[in-house]
Number of protein chains: 2
Amino acid sequence: MNPEPRLENLGEDAVVSAITCKLPKGPDVRVGAGDDCAVVGPKDARHWSLLKTDAMIEGVHFLSETEPRRVGWKALCRAISDIAAMGGTPQHALITIALSPKTPLRWVEEFYDGLKAAAKQHGVSIVGGETSRSPGPAFINISLTGTVRRKECVLRSGGSPGDILFVTGTLGGSLSGRHLDFTPRVAEAQFLASKVRPSAMMDLSDGLAADLPRLARASGCSFHVDMAQIPKTADCTLQQALSDGEDFELLFAISSRKVRQLLAPWRRAFPKVPLTRIGKLLFIQESSTVLHAHGYDHFA
Amino acid sequence: MNPEPRLENLGEDAVVSAITCKLPKGPDVRVGAGDDCAVVGPKDARHWSLLKTDAMIEGVHFLSETEPRRVGWKALCRAISDIAAMGGTPQHALITIALSPKTPLRWVEEFYDGLKAAAKQHGVSIVGGETSRSPGPAFINISLTGTVRRKECVLRSGGSPGDILFVTGTLGGSLSGRHLDFTPRVAEAQFLASKVRPSAMMDLSDGLAADLPRLARASGCSFHVDMAQIPKTADCTLQQALSDGEDFELLFAISSRKVRQLLAPWRRAFPKVPLTRIGKLLFIQESSTVLHAHGYDHFA
């Protein structure tokens with residue numbers, strides 16, 4: 001008899017596929033599970049709502065000795081990054097924390113200081129949440145809503161063969177601390193969504209090696225990556241750039257005829273943020289570049 | 001030197017007060033932290049949005065041996081109960097689960113079966129979520145949106161001295177299993193919100209002894225309770241009825257002149273659901289009934 005399959009034998013993407021089939025979905029759901037955020041609203045509305053939930057767990061996403069202010073900042077900024085990656089503006093956050101009863105009140109206050117700083121910087125209202133006891137590690141969950149103009153909403157699934165792939169910033173090195181202090185690319189994503197209309201976009205949370213195949217798959221494409229072009233953070237290897245994860249940079253695809261109208265305006269708007277052409281989407285029949293690296297898998 | 005205060009020394013309400021002061025809040029926030037749900041939307045809109053987040057933790061809200069289908073059902077129904085308690089209709093749910101990599105896939109599938117059953121019964125769309133690894137107990141978080149007609153939105157804070165207090169159903173005994181299989185009072189709450197307009201309403205999740213003082217405090221009132229009137233579940237003591245928690249019944253206040261227009265229509269609409277007058281709200285200067293029992297406190 002085969003042993004019963006456990007999450008560790010399957011990997012995150014297989015688990016997600018198993019649970020997201022046949023979910024109940026009303027007629028106002030534009031995009032359900034599988035993109036950076038859910039998108040809801042009437043088909044022809046001027047604005048749609050974006051919904052995101054994101055968890056951080058002590059020992060997985062942060063360490064018990066991490067300064068709580070940085071944990072709070074990161075927790076909200078991770079969710080903001082997902083709203084941004086759809087071309088949206090973040091609006092309302094709900095905060096769930098489950099903590100050991102031994103936790104000092106000061107930890108909670110400083111954690112909230114970090115949350116509030118991130119909220120103020122990005123115009124987010126913190127409208128509630130819930131506190132509970134955890135008999136184990138600390139759990140944090142952020143629920144965040146956002147809004148996006150229908151015509152500027154960018155999904156993962158809109159890419160076409162021939163579209164050019166770009167990433168913002170540099171990749172790798174998050175483990176040295178960058179993952180706690182990053183600023184989500186909200187302005188950059190809104191610039192892209194309103195001026196250039198990428199065909200597909202997502203934020204890089206699990207590393208290019210895990211996330212690019214997801215974008216390509218959602219778009220029904222294969223992909224080619226020019227390894228020499230991957231923008232590596234200083235002192236990072238290619239391997240790290242591909243697989244460290246938590247870069248929170250933007251990965252997007254645009255039609256090749258739009259590349260020219262992207263580059264000069266980008267440099268004027270964001271002179272300090274590198275924008276790098278790393279490859280292109282291919283027909284699904286073509287073979288994808290083999291990324292000799294794996295992004296982060298929660299269950300592997 | 002005093003020892004540094006820890007959550008266990010403070011209790012849940014004090015912790016919540018400490019963290020919810022001075023939260024960033026935009027002009028579209030009608031109700032922030034402190035009610036069953038957050039309420040957002042333009043001041044004079046016909047409908048407002050409701051936002052709720054709710055966590056369940058293995059070893060706190062359910063046991064590892066509990067059937068996963070019942071865990072899923074309860075997880076979503078808890079949040080639906082909060083949307084209902086504002087007079088609202090639940091809409092879109094996001095599901096976060098953090099599980100040990102050793103968890104059998106079957107557990108996750110059955111948990112989702114319970115979620116889907118609750119979602120279908122209440123017209124909720126499951127629009128996404130996130131899966132993660134937990135190095136400790138299983139952690140579940142449900143984020144749920146809803147909608148409410150502005151004129152039917154019932155807060156905890158609208159009660160006035162003299163208003164009569166009612167509860168639906170019977171209280172106590174949740175620990176014998178009822179807490180896993182309850183049906184949230186959505187139809188009953190919508191009936192109340194549209195036909196009777198309670199001045200204040202909430203769902204009973206931590207027990208009447210913890211929750212009634214919260215409703216009274218939010219309304220700036222004291223309260224009187226006639227202990228003999230508390231509707232006890234069969235085989236429950238008064239103590240259990242006051243403090244078991246997880247009843248998920250409705251507690252509401254209505255102006256005394258509306259009592260007559262409540263009772264007969266209620267019996268016609270919900271012949272099987274008891275509705276019990278348990279007391280009234282008082283001026284804040286008067287002293288509240290002492291509830292010789294404590295509801296559930298997460299950090300005590």
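I began with a term: a polar contact is a pair of N or O atoms within 3.5 Å, where within protein one must be able to donate a hydrogen and the other to accept it, and residues adjacent in sequence count only if both atoms are side-chain atoms. I also noted that I am working with a predicted model.

Entry 1, the interface. I looked up the polar contacts between chain A and chain B and found 31 residue pairs, both at pLDDT 80 or more. Strand β5 (residues 125–133) of chain A gives the most to the side that touches chain B, with 9 residues. I sorted the residues on that side of chain A: 37 are nonpolar, 18 polar and 18 charged.

I found 73 residues of chain A in contact with 74 residues of chain B. Together the two chains bury about 6,000 Å², with 62% of it on carbon and sulfur atoms.

The rule gives 4 across the interface of chain A and chain B. I looked at the one that joins the side chains of B:K102 and A:E8, at 3.2 Å from N to O.

I turned to β8 (residues 200–203) of chain A. In a regular strand, side chains alternate between the two faces of the sheet. β8(A) pairs with β10 (residues 250–254) of chain A in the antiparallel sense, over 4 bridges. Opposite A:M201 I found A:F252 of β10(A).

Definitions and conventions. Residues numbered from 1 in each chain as written. Chains lettered and ligands numbered in written order. Predicted model: local features only at pLDDT ≥ 70, side-chain atom pairs only at ≥ 80, totals over all residues. Heavy atoms only, no water. Pairing = 2+ DSSP bridges. Helix = DSSP H or I, 4+ residues; strand = E, 2+ residues; numbered from the N terminus. Contact = heavy atoms within 4.5 Å. Buried area = accessible area lost by both parts, 1.4 Å probe. Nonpolar A, V, L, I, M, F, W, Y, C, P; charged D, E, K, R; others polar.
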